[in-house]
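Work through the exercises on aromatic rings below. Try each task before reading its solution.

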Amino acid sequence: MPTPRATPIDGGEKLEDITGFCLSGGGYRAMLFHAGAIFRMNELGLLKTLSRVSSVSGGSMTAAALALAYPKFQYDAKGSVTNLTATFLKPVLDQAADSIDVSSAFGGLNPFSSAAREAGESYDRNITKGVKLAQVTANPTFVFNATSLMTGVVMRFRSDYVADYHIGTLKGLDIPLSEVVAASAGFPPVLSPTVIDLSSATGDPATKGPLARLPFTRTAVLTDGGVYDNMATETVWKRCRKILVSNAGKPFGFEDDPHHNWLQQSLRVIDIVMDQAEDLRERILVHAYEVGARNGAMWGLTSGLNKPAERPSMLTPAEFDAAQAIPTRLTKFSKSDQALLLKAGYAHTASRIRKYFTPATGGPADIPDGTPPTP
């Protein structure tokens, strides 16, 4: 059995009365959906209350834009940001207009480059602008999550350290934020893997894990963070009593005539396994809400799918269905699709927070719905 470490990663597992915000994967669909959610959260004064923001995949694009916007925020008397469009939304929309999945895949055929590097250059043009991970604001704490192909668990990136449960924490790593986003959003197999040089980092002896040795401390081979946890809840669950989850993962597709050949059957099995893993995390969180172990709200593209009465009144039935039909891609989105996803994220957030995260459970005072952001 592995030797227990002296000090657990993330400073222990003490639950605190702080608020964590989780941004799921889902390509540009998720990036835009989460942006709409953030606008409604801002109207409710929630952005100023966040202590931790955890993200994977497409959600890490939104999180990177939000992290770099925080130091520029200007607040009104009610605690709402007044310059959210200029500081946060513009980089998100710039990214949504930049196609990278196909171009990056072909760029990856270049022996002097890689698909992940090509994608990272796009993120740097539109969102990160040369900023290093260590320069990201420390308040709130932003945690960008990728999946390690070497250790099989999440590798988390924060401004103050990088950590893997089996390795421990590594400090002093000089890495561009765009590279971190590319690792977190490295959709396999096209944009994966991302290879990160860890050799410049120093291990923390207090968190030393069983794999705190070469080659694990020299190189990280990473794929999409959503492979391990597509809801990005792992890094907030043990620390935050209040948890808000924005989930723009694709709806599970039913098949009336599944393929029998080995390849397509294997892909279908993988889809089922990943869907059930996500459902399990969701059920655990819902139960925690119900028994009072956690407070907060969770919303997603499919919220109200089987109960039409619980769908956001702001969305028409056609809009509700259309938002779910948008694929998980990193190609340029039309203005109409951008507007739809921004509206869907805003509407689902407003509906679920109003119902489940009330002042009685530590939530904000309700206010009438405003106007969703537009591209």
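**Exercise 1.** Find which residues form one aromatic cluster, then describe the pair of Y70 and F142.

*Solution.* The cluster consists of Y70, F73, Y75, F142 and F144. The model is predicted: local features need pLDDT of at least 70, side-chain atom pairs count only at pLDDT 80 or more, and totals for chains, interfaces and linings use all residues. Residues are numbered from 1 along each chain as its sequence is written, and side-chain values use heavy atoms, with hydrogens and water left out.

Rings of Phe, Tyr and Trp (its six-membered ring) pair if their centres lie within 6.5 Å; planes under 30 degrees apart are stacked, over 60 edge-to-face, the rest tilted. Y70 and F142 are edge-to-face, at 6.0 Å centre to centre with 70° between the planes. Y70 lies in the loop between α2 (58–69) and α3 (84–96), F142 in strand β3 (residues 141–148), 72 residues apart. Strands (E, at least two residues) and helices (H or I, at least four) are DSSP runs, numbered from the N terminus.

**Exercise 2.** Decide whether Y70 and F142 are buried or exposed.

*Solution.* Buried means under 20% relative accessible area, exposed over 50%, partly exposed in between (1.4 Å probe, protein chains only). Y70 has 8%, so Y70 is buried. F142 has 2%, so F142 is buried.

**Exercise 3.** Identify the charged residues over the rings of Y75 and W237.

*Solution.* The test: NZ of Lys or CZ of Arg within 6 Å of the ring centre and within 35 degrees of the ring normal. K48 lies over the face of Y75, 4.5 Å from the ring centre. R294 places its charged end over W237, 4.0 Å from the ring centre.
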